[in-house]
Amino acid sequence: MVAFTTRHIGAVGEDRTKLLEAVGYESLDALSAAAVPTTIALGAPLNLPPALDEAAAAAELAGFAAANRPRRAMIGLGYHGTVTPPVIRRNLLENPAWYTAYTPYQPEISQGRLEALLNFQTMITDLAGLPTAGASLLDEATAVAEAMALARRVTRKGSVFLVDAQVLPQTLAVVRTRALATGIDVVVVDGDLVEALQTHEAFAVVVQLPGADGGVRGTDELRAIAATAHDNNASVIAAADLLALTMLTAPGEWGADIAVGTTQRFGVPLFYGGPHAAYMAVREGLERQLPGRLVGLSKDADGTPALRLALQTREQHIRRDRATSNICTAQVLLAVAASMYAVYHGPRGLRAIAEGVHDKARRLAAALSATTELAGTSFFDTLTVTVPGRAAQVVADAAEAGVQLRLVDADRVGVSVGEDATEADLAAVAQAFGASAPGEQRLGDLAGHDRGVDYLTHPVFNSRHSETEMLRYLRTLADRDFALDRGMIPLGSCTMKLNPTTSMEAISLPGFANLHPFAPASDAQGYLAMIERLCSALAEITGYDRVSVQPNAGSQGEFAGLMAIRSYHLANGDDQRTVCLIPASAHGTNAASAVMAGMKVVVVKTADDGSVDLADLRAKVAANADTLAAIMVTYPSTHGVYEDTIGELCALVHDAGGQVYVDGANLNALLGLAQPGKFGSDVSHLNLHKTFAIPHGGGGPGVGPVAVRAHLAPYLPSHPLLDEAGPATSYGPVSAAPFGSAGVLPISYAFIAMLGADGLRESGQAAVLAANYVAKRLGEHYPILYTGAHDLVAHECIVDLRPLTKATGVTVDDVAKRLIDYGFHAPTMSFPVAGTLMIEPTESESKAELDRFCDAMIAIRAEADAVAAGQWPADDNPLHNAPHTQARVVADDWNHPYPRSLAAYPGGLRLGSVGTGATDKYWPASARIDGVYGDRNLVCSCPPVSSYAE
Ligand SMILES: *Cc1c(COP(=O)(O)O)cnc(C)c1O
């Protein structure tokens, strides 16, 4: 079999030689030796197992999957059996047109997933009965923590957060972690919430629906809680099961200000805990406080309705340490899947699924009540059954019969009915309790909740219920978007590389897909073994001692790492060490995470050459010597350069008693070349969805492992429901599930296994070669902003457009949008320097694709010069009018001073191979979108169809 390395790396053989020649080096080793500072360069090869070919890697993953025992999961606690419609699994979750897309920051080429996300938001607002919902959060537990932070920002009163004792245990633990650093006092109320609201100066209260034991509070009680909370100037958060909401009174209806929860049971596999999309909906007046991304309606340059991300000034990439949260990568692919489940089933189909689940639970309750005691009779899908002294035996007997139940304690067992539960499962459960199989008797109700089907009335949820219609809808939306399956996405800092099919296939194996995160360790042996080997490989690659894969995005890894630093200082009695130094060029998540970890951000200047200004660093270290907690630096820097001062920087901070956090999102430039854990850093997060080939999903999932040196290992995240998840000395969990988004870890496992030590190094080197090739070719037409030793860049380069803008009036926006006409996704715009483009080609692009991109950029430069020369007016030229939609180009009147062919086919016709005249032209779905208009006229759910007709 051909080595995977030659499939993964785009330019090999002669093409690689040509790239090397252009850059002026003999070999990859010669290039990396010149680029990577000798003070940090890795001496010996990484100690990893020999590379596997694709078949062997697939077999190894199949072995891990087979070592898991996903029985029928009836454990509950926020994770439920569900049936993923095959049309959605195959054409969405397993379809690279969906999973290889980037976050929709370039909305003109993202209308498909933006529409799907608008559907998601509409689904959530309808079911929650609240007017605005975001486009997904990371999991239910962090969503509750985000809601807590939101409530505190708006209430500005007291520090007490009241938590219903029925909140899911992992949610409580994550909330406690978040509360630790920000001085919030978490008070758990096992009793009357109304009374608790009257006795505590609380800023908010959270109630769980249904509660962890399955009980559903009545509508009157919920109204009383909300009224009392509002009388006391406290916010009300409902953590609600989405399927239950099809039958329960909507939270907005009884007075909740915020509703949060998971959307997993809308057709998304259990995945041993994730990835799953969480949701958040808020009442009117709180929309500007939402964490994470929000999709809104706007219009394009032709006045046509178009979607784009709204109110971005809330977000970390703009607001930094004053952002509403640190969330960047969220859970777009999973949110899209859940929304499609609602589109496919429609309101009546969802209601029927919920009624089916509820009815099974009621029949089971009737059967069990004959021999056992139930905790209550108001429930949706979950029962807590008291069997004094026999709980472990019941759980074991059920497992023997193929069903996993929840062991609450020695006397109680939890049973939760999912969409996938069969009559045989119900009979097996009854038998484990010593009861006879459920019959026609029913017991229990919904505590007076009496909701009509008053949701999802929009046509989109009422017109795609056949598989044919669903298939075509998925295809139609996917075709509007530009993903890696069409061409290069050269986004600097985002590392959009190949997501190998071999590694993707494994995640659909039932052994990986269908395991409940709180299944006993004995049923998860395959996952535990795979995760342990992945963590040690990541430790070897980074030079750290221990790794936790629990954080489910880079932002969460940052928070976890900073919490480790905080814990370390506290353990040393250095309570006053709370200052976090962050260079001006840092990613926005860094500053936002520091604030969440209770730190104060002090910005360090950038020197003229783009490196951290060491003189300023010295001054800031001296000024904060006693209070210095940490520095957070990105390496290679966000300017795409290997700074040779990194060792000095680490020493300076260490000498002052601070810890060094290296943001490892740019690890692609270090693979097999240098190890942050060895060159002076104490902790890093990695982005498996960048460097280690997990697809970006159009904005998530992500995995942000945190890697530490030994002295910080006692402070890696842990989990209340699984001892194996982390050290007992930890501050607690940062994610709902013990291993975060475990379901996508096989992707990175396979990636590392198939490359091996040599392949990883070759990948890193090839990424550096590609970036330097692009810098070399473009450098003749645009200034390259920063370079390091020998005029080399690392894995990305910044093209400075400011001189061009000054000379010609052509903006960075114009260039980015014109690239769409040439068939490209734009590079990263205006980060980390305004008015620039940051290009990261990655190792996976071929020489042909690199050249196609460079040719486009060079042609655009010529177009800009033509504008400057007066050939076209400044406000009517191919750049200003880009991107050109098909509707524009075929319109009967064309009155621009350049031809249609130049508008649509600026690179010339790329003919289809059979020569029929077909071309591989990508047409953007919208002309340039007006973001400001949309922010002024905020619409974040599906607009009535009539509004499109206007
Ligand atoms: C992508 C990135 C992050 C954030 O990672 P997410 O997974 O999006 O939260 C942090 N720092 C840098 C430098 C990045 O490029």
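In helix α7, Gln 111, Gly 112, Glu 115, Ala 116 and Asn 119 meet Tyr 473, Leu 477 and Arg 480 of helix α17, where contact means heavy atoms within 4.5 Å. By class, this contact has 3 nonpolar, 3 polar and 2 charged residues; Ala, Val, Leu, Ile, Met, Phe, Trp, Tyr, Cys and Pro count as nonpolar, Asp, Glu, Lys and Arg as charged, and the others, Gly among them, as polar. The model is predicted, and local features need pLDDT of at least 70, side-chain atom pairs count only at pLDDT 80 or more, and totals for chains, interfaces and linings use all residues. Residues are numbered from 1 along each chain as its sequence is written, and side-chain values use heavy atoms, with hydrogens and water left out.

Helix α7 covers residues 111–128 and helix α17 covers residues 467–480; their axes come within 5 Å and cross at roughly 125°. Helices (H or I, at least four residues) and strands (E, at least two) are DSSP runs, numbered from the N terminus. Axes are lines fitted to C-alpha atoms, for helices over the stretch in contact, and angles run from 0 to 180 degrees between N-to-C directions. α7 and α17 are therefore oblique to each other; angles under 35 degrees count as roughly parallel, over 145 as roughly antiparallel, 65 to 115 as roughly perpendicular and the rest as oblique.

Another helix pair is formed by α27 (residues 812–821) and α28 (residues 847–868), whose axes come within 10 Å and cross at roughly 125°. This makes α27 oblique to α28. From α27, Val 815, Arg 818 and Leu 819 meet Phe 853, Ala 856, Met 857, Ile 860 and Glu 863 in α28. The contact of α27 with α28 has 6 nonpolar, no polar and 2 charged residues.

The ligand has 15 residues around it, and Thr 329, Ser 493, Gly 554, Asp 663 and Lys 690 come nearest; a residue is near a molecule if one of its heavy atoms lies within 4 Å of it. An N or O atom in the side chain of Ser 493 is 2.6 Å from an oxygen atom of the ligand. For Asp 663, a side-chain N or O atom is 2.6 Å from a nitrogen atom of the ligand. The side chain of His 689 has an N or O atom 2.7 Å from an oxygen atom of the ligand.

Some loops have backbone features to look at. Leu 209 and Pro 210 are joined by a cis peptide bond with omega of about -15°, and Pro 210 is in the loop between β5 (202–209) and α11 (219–231). The peptide bond from Gly 274 to Pro 275 is also cis, with omega near 10°; Pro 275 lies in the loop between β7 (258–262) and β8 (278–282).

Technical notes. A polar contact is a pair of N or O atoms within 3.5 Å; within protein, one must be able to donate a hydrogen and the other to accept it, and residues adjacent in sequence count only if both atoms are side-chain atoms.
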